[in-house]
Amino acid sequence: MFEETIQLRVRYHDCDPLGIVYHGHYAKFFEIGRTEAMRKHDIAYKKLEELGFAMPVVELNIKYFRPARYDELVNIKTIIREWPNKKIIFIGEIYNQQGQLLTSSETTFVFVKKDSLRRCHLPEIVRESLKPFFGEELKKLKEEKKEKTE
């Protein structure tokens, strides 16, 4: 399982007049968390694009539990629970400094060739960067594949 956490301070322009984060801005917060988590493990979106790949969003679900507030420091956790193949599902969780879950998300991306927008398998750069986090799961998948061919 892949998991990374970054911190972000809630800015004034992300809030409504009551100092509460506007609901539409949480998608941006989750995007920041994903981007920085991937960058930390050498999977920058820019690098993927330079290699001819793109990752369009095909589904986004957000659940709101508590509000984030102006000037609050929040932790954005990004999780990949399952080994990706033709799609990758990111779980996002935003916590306040007291450890309370404020918001959660599930975002599904597919991999496509940038020039044709045709779906493709997991790019090699992503595969190699994520392997260390999914050792046991990959071993199990390999065994299942071997059993099917026998």
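How many helices and strands does the secondary structure of the chain come to? I count four helices and seven strands. I took helices (H or I, at least four residues) and strands (E, at least two) as DSSP runs, numbered from the N terminus.

**Ground rules**

I am working on a predicted model, where local features need pLDDT of at least 70, side-chain atom pairs count only at pLDDT 80 or more, and totals for chains, interfaces and linings use all residues. I number residues from 1 along each chain as its sequence is written, and side-chain values use heavy atoms, with hydrogens and water left out.

**Whole chain**

I read the order of elements along the sequence as β-α-α-β-β-β-β-β-β-α-α. I then boxed the C-alpha atoms along the principal axes and got roughly 60 × 35 × 25 Å.

Next I checked burial. I call a residue buried under 20% relative accessible area, exposed over 50%, and partly exposed in between (1.4 Å probe, protein chains only). Of the 150 residues in the chain, 39% are buried.

I looked up the accessible surface too, and it comes to about 9400 Å². Carbon and sulfur atoms hold 50% of that surface. These areas come from the Shrake-Rupley method with a 1.4 Å probe; for residues, only the protein chains shown count as cover.

For contacts I used heavy atoms within 4.5 Å. I took the contacts between residues at least 6 apart in sequence, and 66% of them join residues at least 24 apart.

**Pockets**

I searched on a 1 Å grid over the protein atoms alone. A cavity is a set of points where a 1.4 Å probe fits but cannot get out. A pocket is an open set with protein on both sides within 12 Å along at least five of seven lines, and lining residues have an atom within 4 Å of a point. Grid points are joined across faces, edges and corners, and a volume is the space filled by probe spheres set on the points.

The largest pocket has a volume of about 210 Å³. I listed its lining as Arg81, Glu82, Trp83, Pro84, Asn85, Lys86, Lys87, Ile88, Ile89, Ile91, Glu106 and Glu137. Which strand gives the largest share of this lining? Strand E5 (residues 87–95) does, with four residues.

I sorted the lining by class. Ala, Val, Leu, Ile, Met, Phe, Trp, Tyr, Cys and Pro count as nonpolar, Asp, Glu, Lys and Arg as charged, and the others, Gly among them, as polar. The largest pocket has five nonpolar, one polar and six charged lining residues.

The second largest pocket comes to about 170 Å³. Leu138, Leu141, Lys142 and Lys145 line this one. Its lining splits into two nonpolar, no polar and two charged.

I followed Leu138 out of the second pocket's lining. Leu138 sits in helix H4. It is partly exposed, because its relative accessibility is 22%. Leaving aside neighbours within four places in sequence, Leu138 touches Trp83 and Lys131. Trp83 is itself in the lining of the largest pocket.

Glu136 is also in helix H4 (residues 135–149). Is Glu136 buried or exposed? At 64% relative accessibility, Glu136 is exposed. I took its C-alpha distance to Met1, 135 residues away along the chain, and got 9.5 Å.

**Asp14 and the cysteines**

I found Asp14 in the loop between strand E1 (2–9) and helix H1 (26–40). Asp14 counts as buried because its relative accessible area is 3%. Beyond neighbours within four places in sequence, Asp14 contacts Ile20, Val21, Tyr22, His25, Lys28 and Phe29.

I checked Cys15, and it is buried at 16%. Cys120 is buried as well, at 11% relative accessibility. I then looked for disulfides, meaning a pair of cysteine sulfur atoms within 2.5 Å. The count is zero.

**Positive phi**

I noted Asp71, not a glycine, with a positive phi of about 70 degrees. Asp71 lies in the loop between strand E3 (57–64) and strand E4 (73–80). Asp71 is partly exposed at 42%.

Leu117 also has a positive phi, near 60 degrees. I placed Leu117 in the loop between strand E7 (112–113) and helix H3 (124–130). Leu117 is exposed, with a relative accessible area of 62%.
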